[in-house]
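Please keep the sequence and the model in view while reading.

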Amino acid sequence: YKMSHWSYRDLPVRYADFGRLHRYELSGVTAGLTRVRTFSQDDAHIFTPFDRVEEEIFRFLDFTDAVYGAFGFTNVEVSLGLRPEKRIGSDEQWDHGEAALAGALQKAGRPHVVTPGDGAFYGPKIDFRVQDALGRPWQLGTIQVDFEHAESFDLTYVGEDGRTHRTVVMHRAILGSFERFIGIL
């Protein structure tokens with residue numbers, strides 16, 4: 001993102017890939033395909049002005065419904081994760097992010113549970129859980145609002161007013177870990 005200069009007309013900018021990730025999981029907690037040490041994730045990052053965050057959440061909800069519906073996951077539980085005790089960013093940033101996510105879920109008419117302390121360390125998030133054939137819930141998709149990394153990496157765009165503004169970074173995954181998704185399916 002930072003390799004170019006961006007106008008509000010160019011945004012949102014969306015990057016996505018199936019990246020390979022590695023996690024040192026203790027041998028006692030690995031479990032078939034559902035908990036592995038190396039996995040692929042459908043990772044995406046969206047760079048957008050704050051006033052378009054809600055629109056991106058609506059797009060994500062529609063996209064998630066289409067993907068999960070294609071695989072027969074119709075009973076999807078949605079949760080709104082709020083600020084954890086250990087976090088980065090200002091309270092004002094967290095207030096903006098939490099309000100944006102809660103407002104989008106309300107406008108979309110999405111029933112959800114609020115989970116205080118369950119946000120990522122850099123911002124609030126919406127998580128999606130589905131059930132496997134045994135009725136166990138598994139978290140798959142997520143969309144997270146991140147003000148702090150845009151600040152830390154000085155990510156900006158030129159607004160309609162001709163001035164530089166800070167972008168918002170949104171982290172997104174629909175399947176989450178591809179291996180876990182296959183295990184649940």
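In this predicted model, 70% of the contacts between residues at least 6 apart in sequence join residues at least 24 apart. Buried residues account for 45% of the 185 residues in the protein.

The secondary structure consists of four helices and nine strands. Along the sequence these elements follow the order β-β-α-β-α-β-β-β-α-β-β-β-α. The globule rule gives 16 Å for 185 residues, and the radius of gyration of the protein is 17 Å, close to that value, so the protein is as compact as a globular protein of that length. Taken along the principal axes, the box filled by the C-alpha atoms is roughly 55 × 35 × 35 Å.

The surface may be considered next. The protein exposes about 10200 Å², of which carbon and sulfur atoms supply 52%.

Helix H2 covers residues 91–107. Its 17 residues should span 24 Å at 1.5 Å a residue, and because its end C-alpha atoms are 24 Å apart, the model agrees with this expectation. The buried residues of H2 are Gln93, Trp94, Gly97, Glu98, Ala100, Leu101, Gly103, Ala104 and Leu105. Just after H2, Gly109 adopts a positive phi of about 70°.

Note on methods. Residues are numbered from 1 along each chain as its sequence is written. This is a predicted model: local features need pLDDT of at least 70, side-chain atom pairs count only at pLDDT 80 or more; totals for chains, interfaces and linings use all residues. Side-chain values use heavy atoms; hydrogens and water are left out. Helices (H or I, at least four residues) and strands (E, at least two) are DSSP runs, numbered from the N terminus. The expected span of a helix is 1.5 Å times one less than its number of residues. Buried means under 20% relative accessible area, exposed over 50%, partly exposed in between (1.4 Å probe, protein chains only). The radius of gyration is taken over C-alpha atoms; the globule rule is 2.2 Å times the number of residues to the power 0.38. Contact means heavy atoms within 4.5 Å. Accessible areas come from the Shrake-Rupley method with a 1.4 Å probe; for residues, only the protein chains shown count as cover.
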